[in-house]
Amino acid sequence: MKRKEITKPDISRIRDVLSKSLDLQTLNLTEVSALLDVSDKELWLEIFDTARLVKEKVYGRRIVLFAPLYLSNECVNDCLYCGFRKGNKDAVRKTLTVNEAVEEAAMLANRGYKRLLLVASEHAKITGIDYLERIVNAIYDNTGVRILHVNSAPMSVEDFRRLKASGVGVYQCFQETYHMPSYRHLHRTGMKADYAWRLGVMDRAVEAGFEDVGMGVLLGLYDWRWDVAALIAHSRRLINKYGFGPHTLSVPRLQPAQGSAADHLKYRVTDEDLRKIVAIYRLALPYVGVVVSTREPAGLRDELLSLGASQISAGSKTSPWGYMKEGDTEQFEIGDTRSLEEVMEKIASLGLMPSLCTACYREGRSGERFKHLAEETAIKNFCHENAILSLKEYVEDCATGELKERLMKMLNEEIAKCSNGLIDKFKLIEDGKRDVHI
Ligand code: SAM
Ligand code: SF4
């Protein structure tokens with residue numbers, strides 16, 4: 001596809017697109033293409049600035065934090081880029097028992113995490129729905145974790161129904177690349193070789209009752225502009241069909257992995273490209289959560305928080321049992337090794353608000369309802385108050401040292417601005433009540 005680059009004379013057209021995003025309207029593909037074609041550096045600064053404003057308009061200052069919990073690296077697939085692939089003969093394989101998963105989840109909950117993303121490789125006999133269901137139930141029953149999201153292999157509608165019924169919040173799955181020849185080259189065997197089975201995964205999840213689904217492409221497998229446009233097209237199709245699209249869009253970027261057989265450099269995505277991608281997702285679908293993982297280095301992640309990102313993982317390990325014992329086969333190399341405390345400290349220092357909130361999933365603010373609340377700029381009121389309440393709880397239970405002081409200062413400033421209702425809720429938390437939210 002030959003692209004026409006946008007230069008100065010087309011600025012007014014781009015500004016029209018930006019003002020549409022600022023009105024929190026979803027962009028169409030022509031508008032997304034126009035953004036993708038911009039080459040002018042100054043115009044990009046304007047685009048970045050608008051992405052920040054759109055994020056603030058929808059979600060306010062809050063940045064949601066979570067951690068992944070890797071359940072298994074035993075995989076029947078052979079995705080050439082992944083450390084867990086079947087063909088990686090050097091991999092040390094492990095699947096957590098239910099007790100081990102509970103132990104890791106409890107340890108993370110004690111550190112302050114309330115939201116975990118369960119991540120599993122594909123193995124029908126080992127990590128199928130029976131296993132996932134047992135793990136989810138056990139973690140909810142035995143730990144302080146309040147919401148579990150799942151990133152696992154695509155399932156049938158029937159299995160998705162069971163996953164949803166177990167209380168999972170978001171079901172997440174990445175198409176990796178929409179470009180069929182590249183997909184076929186990278187996924188040659190196993191269930192994942194079936195492009196159509198993966199493409200239809202969100203329809204099956206929605207049919208089974210998931211209103212919150214997380215989508216993404218693995219950036220670096222094919223021309224990122226093409227894949228970003230395709231992901232937005234897929235998202236728009238879901239919106240047209242169901243009234244809501246993805247709850248989150250993630251920006252995983254291809255990382256070196258032990259045993260990888262993929263060419264990491266052929267479709268290299270630079271840091272500047274990643275900034276553009278985060279901004280474009282934010283502008284194209286203003287209501288979505290844009291998620292940045294610890295694949296990326298600390299400095300870049302901090303920057304992305306001001307370009308449209310709204311959720312980040314922190315203190316992550318990418319091997320099963322990784323929080324308990326380091327050194328086993330990771331899925332890929334981690335770029336940001338900071339702890340949850342260090343990331344919270346940084347977020348606060350940027351004038352943003354770290355949030356451990358999990359309220360929406362449990363209060364039925366999902367799917368179309370969530371999208372409307374976000375587009376009417378109402379969701380940020382929930383987000384703001386719930387972020388404050390989650391921080392108050394964190395300060396009471398987990399925070400220490402300088403971070404505790406900084407967060408207490410932040411909370412005092414919020415109290416000074418707010419209604420008596422919030423003061424009453426603080427009192428409840430001080431008296432030992434937990435999970436206070438609106
Ligand atoms: N096994 C399931 C699947 O493939 O959909 C779900 C879990 S998989 C561990 C989660 C995601 O990690 C994959 O969808 C892929 O996008 C990403 N991933 C795999 N290898 C990676 C690498 N080398 N660098 C960055 N991300 C990678
Ligand atoms: Fe298995 Fe998922 Fe890795 Fe592919 S990306 S090898 S399916 S864990």
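**Notes on a first look at the model**

1. E303 sits in helix α13, which spans residues 298–304; helices (H or I, at least four residues) and strands (E, at least two) are DSSP runs numbered from the N terminus. With a relative accessibility of 37%, E303 is partly exposed (buried is under 20% relative accessible area, exposed over 50%, partly exposed in between, with a 1.4 Å probe and protein chains only). Between the C-alpha atoms of E303 and K20 there are 24 Å, and the two residues are 283 apart along the chain.

2. A word on reading the model: it is predicted, so local features need pLDDT of at least 70 and side-chain atom pairs pLDDT 80 or more, while totals for chains, interfaces and linings use all residues. Residues are numbered from 1 along each chain as written, chains are lettered from A and ligands numbered from 1 in written order, and side-chain values use heavy atoms, without hydrogens and water.

3. K20 comes up again in a salt bridge with E31, at 2.9 Å from N to O (a side-chain nitrogen of Lys or Arg within 4 Å of a carboxyl oxygen of Asp or Glu). K20 belongs to helix α1 (residues 11–22) and E31 to helix α2 (residues 29–36), so this pair ties together parts that are 11 residues apart in sequence. E31 is buried, at a relative accessible area of 16%.

4. How many salt bridges does the whole structure hold? The search finds 32. One of the networks to look at links R146, R362, E393 and D435 through salt bridges.

5. D203 and K241 form another salt bridge, with 3.2 Å from N to O. This pair links distant parts of the chain, 38 residues apart, with D203 in helix α10 (residues 201–207) and K241 in helix α11 (residues 224–242). D203 is buried, at 14% relative accessible area, whereas K241 is partly exposed, at 48%.

6. E100 and K94 also meet through their side chains, in a salt bridge of 3.1 Å from N to O. Are these two residues buried or partly exposed? E100 is buried, with a relative accessible area of 18%, and K94 is partly exposed, at 22%.

7. E176 has a phi near 70 degrees, a positive value in a residue that is not glycine. E176 lies in the loop between β4 (171–172) and α8 (180–186), and it is buried, with 6% relative accessible area.

8. The other is W321, with a positive phi near 75 degrees, again in a residue other than glycine. W321 is in the loop that runs between β8 (311–313) and α14 (340–349). Its relative accessibility of 16% counts as buried.

9. Which residues does S366 touch, leaving aside those up to four places away in sequence? They are E211 and D212, where a contact means heavy atoms within 4.5 Å. S366 itself is in the loop between α15 (359–362) and α16 (367–375), and at 13% relative accessibility it is buried.

10. Lastly, please visit ligand 2. Around ligand 2 you will find C75, N77, C79, C82, F84, R85, S121 and K192; such a residue has a heavy atom within 4 Å of the molecule.
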